[in-house]
Amino acid sequence: ASVSSSCLGTPAKPRPVMLTLHRPICLAFSGLICLQAFADVELPEPEGVLLMSIELKESAFSGVPAGKHGYFLYVKDAGAFVRGPLVTGYRYDNGKLIDVFGGGSSGSVWFLEKLEDLGVRPFEYSSALASARILESQDSSGVEMDEAAPVGMNDGTYEISYSYQGVSVKFSEENPGPVLRRYSKYNDNISQFSELVNLMSTYYGLMKIGM
C-alpha cells in the first residue's frame, strides 16, 4: 500500500502570501533598497478632539491630493483610571488612513507637559510674518536670503492648525517649515509656533521608534 507523503513529514509547498501595500520598508544589502510594502491592516478612525494638524493642500509636484493628506493629532479623555488625556496621531495619504501613532499614557503625558511649557499664544500669522520680514530687512547681520524663497523637501502649500485650551491658530503657507525657521529670530510668536511643529515631529518620531 502506498503511503501519503504528508504522513512521512514531507514539508508542504509554501503558498504565496498576498499583501496590500501601504508602508515603506527599507532593506539593507550592499546598499539601501527601499521597497513599498503594505500590510492589510484596518486602522481605527480618529477619536477625541483635533489638537493639531499639518495638512498638504497642494503639492508642487503632484497637485491637489485626492483627499485628506498629512498628520493629525487628536486628544481625548482617558477616563478616571488613566493619568491625563491621551494624544493619538493619524497620518493620511490622499484620503486614506495609513498610520496611527502614540495614544499611550506616558507618551501623552510627556507631550502635554512639553506643550504646557511651550505656552502657545493666539496670534495672527500674516501680521506676524509681515513684521518679521520688515525686521529681517533691517538686520544687517543676517544672511542674505531674500533673493530666494525658502524651499522645503516637499514643496507645496500646507495648512497648519492648532486648537487647545482656548487657544486657536490656523494658517496656510508654502513650505512652512523653512519659513517658520527663517523668521523665528524676528518674531516670538513665529518662534513659538516653530517649536510647536518641532514638538509634534518629535512626538511622531519617538512613538515610531518606541521611545
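In what order do the six strands of the open sheet run? In this predicted model, the order is β6-β5-β4-β3-β7-β8, and the pairing is antiparallel. At the edges sit β6 (residues 96-102) and β8, each of which pairs on one side only. Going from one strand to the next, the twist averages 15 degrees. Looking at the β8 end of things, β7 and β8 run antiparallel and are joined by eight bridges.

Helices come next. Helix α1 packs on the sheet, where it touches β3, β4, β5 (residues 86-93) and β7. The direction of α1 makes about 95 degrees with that of β5. Helix α3 also packs on the sheet, but its partners are β7 and β8, and the angle between its direction and that of β8 is about 110 degrees.

Then there is the pairing of helices α1 and α4. Helix α1 (residues 105-118) packs against helix α4 (residues 188-208) at an angle of about 170 degrees, and their axes are 11 Å apart. An angle over 145 degrees counts as roughly antiparallel, so that is how α1 lies relative to α4. On the α1 side, the contact is made by G107, S108, W110, F111, K114, L115 and L118. Helix α4 brings Q192, E195, L196, L199, M200, T202, Y203, L206 and M207. Sorted by class, this contact has 10 nonpolar, four polar and two charged residues.

The largest nonpolar core has 36 residues, and the ones with the most contacts inside it are L51, M52, F111, L115, Y162 and F193. At least two residues of this core come from each of β3 (49-59), β4 (70-76), α1, α2 (125-137), β7 (156-164), β8 (167-174), α3 (176-183) and α4. The largest share, seven residues, is supplied by α4.

Leaving aside residues up to four places away in sequence, F111 touches L51, L73, V87, L199, M200 and Y203. F111 also belongs to the contact of α1 with α4, as do L199, M200 and Y203 from the α4 side.

Technical notes: Residues are numbered from 1 along each chain as its sequence is written. This is a predicted model: local features need pLDDT of at least 70, side-chain atom pairs count only at pLDDT 80 or more; totals for chains, interfaces and linings use all residues. Side-chain values use heavy atoms; hydrogens and water are left out. Axes are lines fitted to C-alpha atoms, for helices over the stretch in contact, and angles run from 0 to 180 degrees between N-to-C directions. Helices (H or I, at least four residues) and strands (E, at least two) are DSSP runs, numbered from the N terminus. Angles under 35 degrees count as roughly parallel, over 145 as roughly antiparallel, 65 to 115 as roughly perpendicular and the rest as oblique. Contact means heavy atoms within 4.5 Å. Ala, Val, Leu, Ile, Met, Phe, Trp, Tyr, Cys and Pro count as nonpolar, Asp, Glu, Lys and Arg as charged, and the others, Gly among them, as polar. A nonpolar core is a set of buried Ala, Val, Leu, Ile, Met, Phe, Trp, Tyr and Cys residues joined through side-chain atoms within 4.5 Å. Buried means under 20% relative accessible area, exposed over 50%, partly exposed in between (1.4 Å probe, protein chains only). Two strands pair if DSSP finds at least two bridges between them.
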